[in-house]
Amino acid sequence: QVLLVESGGGLVQAGGSLRLSCAASGRTFSNYAMGWFRQAPGKEREFVARINWSGVATDYADSVKGRFTIFRDNANNMVYLQMNSLKSEDTAVYYCAAARSRLAYDFAYWGQGTQVIVSS
């Protein structure tokens, strides 16, 4: 069973930074793509960033491009989301996700989420 546990959320002022962490267990971490999604109050869950199994390929939502960075540490089964220049519209619950299949971005496993609140 794949288990994902996020941490690192909190309250930050606009313009500040946070780093979210996701610890994964339950299978060979380095074989699968990972991603970050978020859900703001009253809105649908949306894609934020994803990273392939090796960490070489990354993609970002336009709304976070240039401000957020996703990276992974396969030796320690961790994936991170570095968030800089935070805006009030980044306020949301952030979820770590893992792909079901190798060499695919079919995210099927989810963490419990970590709250990020950006005050203006």
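Which strands form an open sheet, and in what order? Select β1, β3, β8 and β7: these 4 strands form the open sheet in the order β1-β3-β8-β7, with antiparallel pairing. Strands here are DSSP runs of E, at least two residues long, numbered from the N terminus, and two strands pair if DSSP finds at least two bridges between them. At the edges sit β1 (3-7) and β7, each pairing on one side only.

Before you click on, a word about what you're looking at. This is a predicted model, where local features need pLDDT of at least 70 and side-chain atom pairs count only at pLDDT 80 or more, while totals for chains, interfaces and linings use all residues. Residues are numbered from 1 along each chain as its sequence is written, and side-chain values use heavy atoms, leaving out hydrogens and water.

Next, zoom in on β7 (68-73). Its covered face shows Phe68, Ile70 and Arg72, and its uncovered face has Thr69, Phe71 and Asp73. Find isoleucine 70 and look across to leucine 81 in β8, which stands opposite. The two strands form a hairpin with 4 residues between them, and in that turn asparagine 77 has a positive phi of about 55°.

Time for the sulfurs. Select cysteine 22 and cysteine 96, which a disulfide joins, S to S 2.1 Å (the cut-off for a disulfide is cysteine sulfur atoms within 2.5 Å). The structure holds 1 disulfide. Cysteine 22 is in strand β3 and cysteine 96 in strand β9, so the pair ties together parts 74 residues apart in sequence. The torsion about their S-S bond is about -80°, so this disulfide is left-handed. Both cysteines are buried, where buried means under 20% relative accessible area, with a 1.4 Å probe and protein chains only.

Of its 29 residues, Met34, Trp36, Val79, Leu81, Met83 and Tyr94 touch the most other members. Apart from this core lies another, of 5 residues, among them Ala33, Ala97, Ala99 and Phe107.

Last stop: tyrosine 94. Leaving aside residues up to four places away in sequence, tyrosine 94 touches several residues, including Trp36, Leu81, Met83 and Val116; a contact means heavy atoms within 4.5 Å.

Definitions and conventions
A nonpolar core is a set of buried Ala, Val, Leu, Ile, Met, Phe, Trp, Tyr and Cys residues joined through side-chain atoms within 4.5 Å. Buried means under 20% relative accessible area, exposed over 50%, partly exposed in between (1.4 Å probe, protein chains only).
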